Amino acid sequence: MLGDGSLERLKREGRIVVVGASLAGLRAAETLRAEGFAGSLTLIGDEPHEPYDRPPLSKQVLLGRAAADRTALPRLRSVDATWRLGVPATGLDMAAGRVRLADDDEVPYDRLLIATGVRARAWPREAEAELDGVFVLRTRDDSAALARRLEEGPKRVLVIGAGFTGSEIASACRERGLAVTVAERGAAPLVGALGGVVGAVAAEMQREHGVDLRCGVMVTALEGDASGRVRAAHLSDGSTVETDVVIVSLGAIRNTEWLAGSGLGAGPRGIACDAGCRAFDIRGIVTDDIYAAGDVARSPHPLFGYQFLSLEHWGNAASQARIAAHNMISESTDRIPHMEVPAFWSSQFGVNIKSVGVPSLGTEVLISQGALRDHRFIGVYGYQGRVIGAVAFDQARWLPFYQELIETTAAFPPPFPTVDRCSDGQRPLDADFPDPSVPTHGPTVTLGGYSPADRRMTFTPAH
Amino acid sequence: MTQSLLHQILDYANRANPYPIYEQLRKTPVHHDDGGPYVISTYYEIRSLLHDPRISSDARNLASTAGDPLAEPAQEEESALPPGFLRLDPPEHDRLRRMTNRPFGPPHSPHRVDGMRGELHDIVSGLVDGIGDPGRIDLVEQFSYPFPVTVICRLLGVPREDESRFHTWADTIAASLDPDPDADPTERGKGANDARMQLGMYLAGLIEERRKNPGDDMLSQLATAKGEDGSMTTMELLSTAALLLIAGHETTVNLITNGMLTLLRHPDVLQRLREDPRLAVPVVEELLRFEPPVQLVPQRTTLADIEVRGVTIPKGASLWLVLASGNRDPQRFEDPDRFDPDRPDNQHLGLGSGIHSCFGAPLARLEAQFALAELARRLENPRLLEDPPPYRQNAVLRGPRHLHISCDGIRP
């Protein structure tokens, strides 16, 4: 591509294939067209729907305030593309430059973007997972089906797992007036992402809103009645919860199985790529024509010691996709790195939770503003004497300041006074994250080397 | 002797076009003359400081007001209301703003502002209907000025028959914020104090009445609220109502007047707006960047020594954040002195940012959109009779005192 005109030819008449037709796939397609790509563009998606937004699926849709089929993503521009929706990709031939589809069709590419995202982790016991009334929540169809069931007024809902999605579901159910039990393996809700100090606040919020929250327990079995409907769950403490709806909220699995044997550096922890979104092959050599973006990608982040970060965050998917698309049709000197500071938000039990940086890397937390007992505060996370993350409970407007502290690797604990400093903020506390060798579904950020053989984080439910 | 930049900002001679001074100012992003306030004029530095928890809005944290020409004199005991949430830090600020927001915006009142569309339309068309002689219109007196006061009356639930009294008090208080150098300051101060007192007593009576017979209006809901934050005291309620009135009035007047002035200077945009009223949305955003009604935020102070662009601002120092300069910063906005409603990524500072970002923003935007779209549609061939128009004294809440225009007729 060094001035021999091949880039111009690619932009004029090349073939770009995007596998994954959700937020990242759509934003990449829009960027390609906006930046003058005039060749053929194909988007492949396993779901039959046009790109839609997922955050409302665990909030407004479950409350009945928005219909699941009304969450289409806004289009930033029109995109001339061939859409292959409802047909999953099943294989990749890197040497031939082809993507194989479930209907045995093959789609050739000059550049490939992989944005296949993640799916909900199913209940590991298949027979129990198939009981009527057992749900997961990831897709529009999941959300529509769950919302219909909640509308029928179940006597009790059991949520397995109190990560962000599980907590949001519990919140929506309580808002609808339904009886809710939450079973969480860790010591508190959100503990994997935010640690025990902040997790204790999340636990208090749940209980104040009438959730029957049970921490430190696992669900060992689901029991159905004669008609195949779930009727009870058995817990590791010997107790039984009678319930007619069970929502399995045990985190996500990256959609990389279709790449097995392709030679691409893809595995259960995602697809390793460089800061410019180019995917590595299994030998650790970066490819020239295959890119990855969104939840499925893992890339080195300069702010976090160049460790490979994998982020299941909305904003990350959108920005990484734009950068991947730009780089796909740029000379190497015009490429830009993906360096966005991680950020996510959640809304539960009437509280807006927002975080920047990577709190789960922190070992200490300082409540720099507000008070834990009010459920309105900012927690700043420190790691080896620097600020590495921050979380705000109903205090999100201050976060840009803390993001600057993270970006400038400012000292921890911050040595200055702030407005609204309370007794909680006099000294840092142990952030109280669970032992990372104990699996949890909580964190939406995971770190590690790029080797796809690295399976330490694999979730293994104990029975 | 050359005038300091600080005094050039305040100098009335520069009111019509302060932007060249701001350009000078941006050469020193943290500008400080001996003893005066620290003046911040570049976009990114202003935005950072608006989100900085080491910056206080509470005057009690100021080391001294001596060198700051915009510092407010301490209030006299008799008329003193507690400070509104604009002048408070968390947690007091948060509590009052949260309680005030409950009957105003989401999540508790998502339809309040949207539900006023019909009323805004009626007020605007009524004012245009009443313009009279199209040959000589003072847009300020006849349109921009009465509009927001009427809106605030309806929002708070002031009975229609009392609206004219409310207008008189609002006018007197607004005039005191904009001293005419020729008028007798003692007389003016006394008039404003009387108006404040009468307005306060009127509102106190109305609050009492609404507590007994609450309606759907904001004042009723504020007066009877019993949320997680408890209820506001009558004094807090009075100071909040006064804040809504003062902060929501002058600023909206200036947004609309600056808007029409800018459109008349850019007839191509005015023509586009006439043909497509939906353009009012990006036009108002660009106006908030190009001619923001609040030019600068004084009254902020540092809780610690902080460093900005290599300058250490000492604890207790007084800060001015010059929003209007940040909005013209070429580091952030391409071709910043061009009025361009099609500008992408227009994250201006016109409504501030951070916890004190404009409380009434959704309403102010809607008011300006309705006003400018209706003026564009109904005034036939409008033109400026005077350019630049005469301005008010106030350098902070900057806008024309009069805007004389003429047109060939008023369309129905």
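## Where chain B meets chain A

About 1,400 Å² of area is buried between chain B and chain A, and carbon and sulfur atoms give 60% of that area, as computed from what is a predicted model. The contact is made up of 20 residues from chain B together with 14 residues from chain A.

Between chain B and chain A the count of salt bridges is two, and a salt bridge joins the side chains of B:Glu228 and A:Arg376, with an N to O distance of 3.8 Å. Five residue pairs are in polar contact between chain B and chain A, counting pairs with both residues at pLDDT 80 or more.

## The chain B side of the contact

On the side of chain B that touches chain A, β3 (55-56) and α4 (92-101) of chain B each supply at least two residues, and α4(B) gives the most, with three residues. By residue type, this side of chain B divides into eight charged, seven nonpolar and five polar residues.

In soluble globular proteins, nonpolar side chains tend to be buried together. In this model the largest nonpolar core holds 82 residues, of which B:Phe143, B:Phe147, B:Phe166 and B:Met260 touch the most other members. Helix α11 (residues 234-265) of chain B contributes the largest share of this core, namely 13 residues.

When its neighbours within four places in sequence are left aside, B:Phe166 is in contact with B:Val149, B:Cys153, B:Leu156, B:Val158, B:Leu199, B:Tyr202, B:Leu203 and B:Leu245. There is also a second, separate core of 75 residues, which includes A:Val159, A:Phe304, A:Val365 and A:Trp398.

How values were computed. Residues numbered from 1 in each chain as written. Chains lettered and ligands numbered in written order. Predicted model: local features only at pLDDT ≥ 70, side-chain atom pairs only at ≥ 80, totals over all residues. Heavy atoms only, no water. Core = buried A, V, L, I, M, F, W, Y, C linked by side-chain atoms within 4.5 Å. Buried < 20%, exposed > 50% of the residue type's maximum accessible area, 1.4 Å probe, protein only. Helix = DSSP H or I, 4+ residues; strand = E, 2+ residues; numbered from the N terminus. Contact = heavy atoms within 4.5 Å. Buried area = accessible area lost by both parts, 1.4 Å probe. Salt bridge = Lys/Arg side-chain N within 4 Å of Asp/Glu carboxyl O. Polar contact = N/O pair within 3.5 Å; in protein donor to acceptor, adjacent residues only side chain to side chain. Nonpolar A, V, L, I, M, F, W, Y, C, P; charged D, E, K, R; others polar.
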